[in-house]
Amino acid sequence: MKEFAQLFLDLENTSSTNKKVELFRKYFSKSSDQDKLWALALFSHKRPKSIINTRQLREIVLGITGLEPWLFEESYSVVGDLAETLNLVLPSASRPVEQSLSYWIDFLVSTRPLEEADKKKKISEALDAMTKPERFVFLKLMTGGFRVGVSKTLVLKALGQYLEVDPATLAHRTMGNWSPDTTTFRELLMSTNQDEDLSKPYPFYLAYALEGSPQDLGMLQDWQVEWKWDGIRSQLIVREGRLALWSRGEELITDKFPEFEPLAFSMPSGTVIDGELLPVKDGKPLPFALLQKRIGRKNLTKRILNDVPASIRAYDLLEFDGKDLRRVPLSERRNILKGLVEEVGSTILQLSEEVRAEDWAALDKLQEGSRSKMAEGFMLKRKSSPYQSGRKKGDWWKWKIDPMTIDAVMVYAQKGHGKRADLYSDYTLAVWNEGELVPFAKAYSGLTDKELTEVSRFVRNNTREKFGPVRTVTPELVFEVAFEGIQLSTRHKSGVAVRFPRIHRWRKDKKAEEANSLTDLKDLLTQYGEQ
Amino acid sequence: MSTPLLSFTNKGIYCAQADVFIDPWQPVHKALVTHAHSDHARMGSRKYLAHDQSKEVLKLRLGDDIQLQTVKYNQPLSINGVKISFHPAGHVPGSAQIRLEYKAQTWVVSGDYKLEDDGFTIPFEPVKCTHFVTESTFGLPVFNWRPQSEVIEGINRWWLANKAEGKTSLIAAYALGKAQRIIQALDHSIGPVFVHGAIHNVNEALHRNGIKQKPTTLVTPEIAKEAYKGALIIAPGSALGTSWTRRFQPFAIAQVSGWMNIRGIKKRRGSHQGFVLSDHADWKGLVQAVKWSQAENIYVTHGYKSVFSRWLREQGWNADEVETLYEGELSEGESGTQV
């Protein structure tokens with residue numbers, strides 16, 4: 001555990017990717033196979049199945065420290081990370097013992113069947129047996145969320161160096177539903193026979209946002225242009241008559257979408273399609289929020305299946321006839337995909353249409369229609385491109401439409417969490433309505449650290465009232481708020497709800513009186529509103 | 001009940017009986033200054049009263065021509081019947097808790113303080129009173145400092161490791177207090193220690209005040225780049241990230257602050273090494289100081305004041321939070337103003 005905890009600390013102290021790869025390579029070279037497997041699992045967001053809930057975990061720590069629950073919660077809201085807060089309030093261990101990462105994971109798993117009281121007792125004892133960095137990892141195993149700015153690609157690069165295997169191969173081998181309980185390091189990474197796992201998806205190829213102007217990409221003829229749909233990027237797999245549906249987050253979601261089951265029969269075996277899972281009714285996409293709601297449901301009633309039917313907009317073909325097509329140029333993959341979709345002839349599997357235009361300028365014009373199509377802009381894909389693995393620059397780009405913006409006045413401010421615990425970074429913003437300010441969105445600051453410091457000082461010096469952690473401030477500062485969507489809402493005082501609001505910039509040039517009004521906001525609703 | 005001896009006004013903490021302000025943030029006639037940090041010692045007042053060891057730094061920061069009177073610790077003077085004395089706060093050289101006594105009331109305004117003896121600053125001395133004004137910069141139970149020796153050992157090890165890699169070690173620290181504390185505690189046998197001009201000026205001022213320190217060298221354009229290899233440089237946070245640091249390449253940066261205790265805050269300040277060391281009291285320190293004061297009335301200022309005052313009330317103290325403009329230990333971006 002000591003080495004793993006140290007790896008964790010070291011990773012946070014560097015921003016250099018090469019250094020991080022080196023740290024992982026070193027870790028892999030000196031830890032046991034079982035520890036390596038767990039390290040890989042944890043950095044791929046897999047962790048031992050729930051051991052204890054966070055309420056019980058809090059109770060254990062409050063029991064040891066004697067802290068008042070509210071005082072703990074105040075601390076948690078400042079620190080922003082539960083495992084870290086628990087670790088910080090605990091006293092130093094009285095009898096640290098050195099054990100491996102897998103030892104502690106096995107230990108946790110062994111407590112799973114115990115009665116609550118016994119489980120708590122065992123865990124409290126363990127908390128007293130670790131140094132602070134180790135204890136942090138131990139607590140993280142129970143609370144989840146190993147986020148340290150390390151991508152799976154980076155881990156695989158290090159693993160590739162260590163095993164002397166191509167990282168892309170490792171990426172494929174580590175996709176899907178494995179867990180350290182069901183496999184071993186050698187089985188997962190070193191066996192060349194991967195046929196047994198029929199549901200295994202390919203690593204997704206992800207695009208970066210376009211930085212410059214599309215003109216810089218060269219001839220439009222060399223590019224395939226599609227709408228960028230706002231759904232769940234997915235892989236649909238049919239092998240040996242069985243269907244599997246994977247989300248980009250490597251989650252198996254087959255059971256959530258029974259409507260795709262017939263495709264297991266109508267699609268040829270050995271087929272893998274990359275596409276967007278969308279809620280579509282009468283040929284028109286529905287708001288993404290409805291799909292989210294559907295996924296959140298425990299029971300899929302007839303009603304919800306009828307109200308929010310799902311379908312796939314097919315982008316790409318990764319496997320056909322059991323053959324991996326990823327090295328074949330996009331234009332050829334597209335041709336086979338077209339034929340396949342036609343042959344299947346189902347309304348729930350449709351080709352993501354290509355957008356054609358004379359030139360880039362014409363395309364730019366067409367892009368303005370994105371919102372009414374419920375799309376977020378265009379995807380630009382080089383026709384000759386292979387299907388790569390992970391996020392890569394060069395061949396695929398997202399060309400998103402500009403967000404909607406409104407100039408609004410800050411009326412409430414609250415200190416941030418975690419990274420921003422010492423600064424006022426969460427603001428409630430309001431627009432004018434008949435001489436009054438009506439709040440319409442809460443946004444996290446997209447300001448620079450320097451601006452944040454400046455705003456925080458303003459908040460400290462211009463507080464009118466305090467309600468718990470929230471401060472009412474003199475309405476003076478104007479911010480440009482950007483958002484992706486706008487909807488009617490009965491739950492908001494303003495009557496509208498916006499999607500992904502964030503602060504674009506500080507309009508130092510504007511006075512509070514010059515901010516936008518509720519009428520401006522409602523105009524956007526009529527123009528672009530989602531039903 | 002008699003009128004409180006001190007009141008909290010929009011200019012600062014005020015004693016009407018003696019007509020003096022303590023650490024005012026607007027110009028006043030007479031200012032008592034707990035210590036020379038810029039959020040406590042501000043420009044523009046007619047007369048200042050501070051501790052002896054604050055003298056030269058105050059003149060450096062507020063101007064040579066200020067009207068400044070200084071006193072020793074535990075040396076009372078009287079203004080219109082109010083007995084006023086300064087007592088060690090252990091925060092930075094010259095820092096004081098200011099005690100004001102009049103009739104049945106004894107108030108202690110503690111400014112900023114820490115309880116640990118840092119081996120450089122005269123350590124904190126508990127002062128009994130009826131009314132205690134305390135900071136709360138780190139007033140949450142997640143702030144528990146490790147002993148200084150342990151932290152310094154970590155810094156020494158980091159320095160050695162950088163040296164072995166052929167790198168210069170850069171430390172960001174407050175120009176008054178933190179910088180000198182680190183200089184004093186470091187193992188100078190590892191290599192030479194250089195300082196930024198802002199810190200050099202404070203060192204010189206403290207020297208004029210008769211405070212002995214381990215020798216350091218000022219970074220100047222004349223010094224050859226090679227001299228910095230394996231050396232340790234101490235600079236205010238505002239100097240890092242500027243072209244000033246170019247001469248030290250390749251280098252590693254460490255932040256030394258109580259805020260480094262929280263991963264999120266550390267990350268926001270860049271992916272650097274962080275060491276948890278503060279000149280402010282941690283949670284246990286704040287609680288201890290309140291207990292030692294034996295005061296019934298506690299006024300909680302700058303920091304997590306609503307949390308700390310609520311907790312004190314629940315433990316039976318008569319505690320209130322008070323709005324001031326003191327800033328405690330700041331984010332790196334703001335520490336530049338402390339120079």
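Predicted model: local features only at pLDDT ≥ 70, side-chain atom pairs only at ≥ 80, totals over all residues.
Buried area is the accessible area (1.4 Å probe) that two parts lose on being put together, summed over both. Chain A is divided into domain 1 (2-143), domain 2 (205-400) and domain 3 (404-528), while chain B gets domain 1 (6-142 + 279-329) and domain 2 (148-275). Below is a quick tour, starting where the two chains meet.

**Where chain A meets chain B**

- On the contact itself, chain A puts in 36 residues and chain B puts in 33 residues.
- Across this interface you'll find 3 salt bridges, along with 9 residue pairs in polar contact, both residues being at pLDDT 80 or more.
- Four helices of chain A each supply at least two residues of the side that touches chain B: α1 (2-12), α5 (69-79), α6 (82-89) and α18 (449-461).
- Out of the whole chain A side, the largest share comes from α5(A), with 6 residues.
- Sort the chain A side by residue type and you get 12 nonpolar, 9 polar and 15 charged.
- To see one salt bridge between the chains, look at B:R263 and A:E12, whose side chains meet at 2.8 Å, N to O.

- The centres of domain 1 of chain B and domain 2 of chain B, taken over C-alpha atoms, are 29 Å apart.
- Domain 1 of chain B brings 23 residues to the contact, and domain 2 of chain B brings 22 residues.
- Together, domain 1 of chain B and domain 2 of chain B bury about 2000 Å², with 59% of it on carbon and sulfur atoms.
- On the domain 1 side, B:E56, B:F120 and B:E329 lose the most area to domain 2 of chain B, and together they make up 32% of what that side buries.
- Between these two domains there are 3 salt bridges and 10 residue pairs in polar contact, both residues being at pLDDT 80 or more.
- The residues on the domain 1 side of this contact split into 9 nonpolar, 5 polar and 9 charged.
- There's also a salt bridge between B:D279 and B:R181, where the closest N and O atoms are 2.7 Å apart.

**A sheet in chain B**

- Six strands of chain B make an open sheet in the order β14-β13-β15-β12-β16-β17, with parallel pairing.
- At the edges sit β14 (217-218) and β17 (273-275) of chain B, each pairing on one side only.
- Inside that order, β12 (residues 168-172) and β16 (residues 251-256) of chain B pair in the parallel sense over 5 bridges.
- For a spot to look at in this pairing, B:S169 stands opposite B:A252 in β16(B).

**Strands and spacing in chain A**

- Domain 2 of chain A and domain 3 of chain A have C-alpha centres that lie 35 Å apart.
- Strand β18 (residues 470-473) of chain A runs antiparallel to β14 (residues 404-415) of chain A, joined by 3 bridges.
- In that pairing, A:Y412 has A:T472 of β18(A) as its bridge partner.
- Strand β17 (residues 463-467) of chain A also runs antiparallel to β18(A), this time with 4 bridges.
- Here A:F467 stands opposite A:V470 in β18(A).

**Salt bridges in the whole structure**

- Counting over all chains, the structure holds 47 salt bridges.
- One within chain A links A:D316 and A:R333, with the closest N and O atoms 2.7 Å apart.
- A:D316 is in strand β8 (residues 310-320) of chain A and A:R333 is in helix α16 (residues 330-344) of chain A, so this pair ties together parts that are 17 residues apart in sequence.

- As background, most residues other than glycine have a negative phi, and most peptide bonds are trans.
- B:Q249 and B:P250 are joined by a cis peptide bond, with omega at about -5°.
- You'll find B:P250 in the loop between β15 (232-235) and β16 of chain B.
- A:M374 isn't a glycine, yet its phi is positive, at about 65°.
- This residue, A:M374, lies in the loop between α17 (360-367) and β11 (375-382) of chain A.

Methods
Residues numbered from 1 in each chain as written. Chains lettered and ligands numbered in written order. Heavy atoms only, no water. Domains from an automatic or database assignment. Contact = heavy atoms within 4.5 Å. Salt bridge = Lys/Arg side-chain N within 4 Å of Asp/Glu carboxyl O. Polar contact = N/O pair within 3.5 Å; in protein donor to acceptor, adjacent residues only side chain to side chain. Nonpolar A, V, L, I, M, F, W, Y, C, P; charged D, E, K, R; others polar. Pairing = 2+ DSSP bridges.
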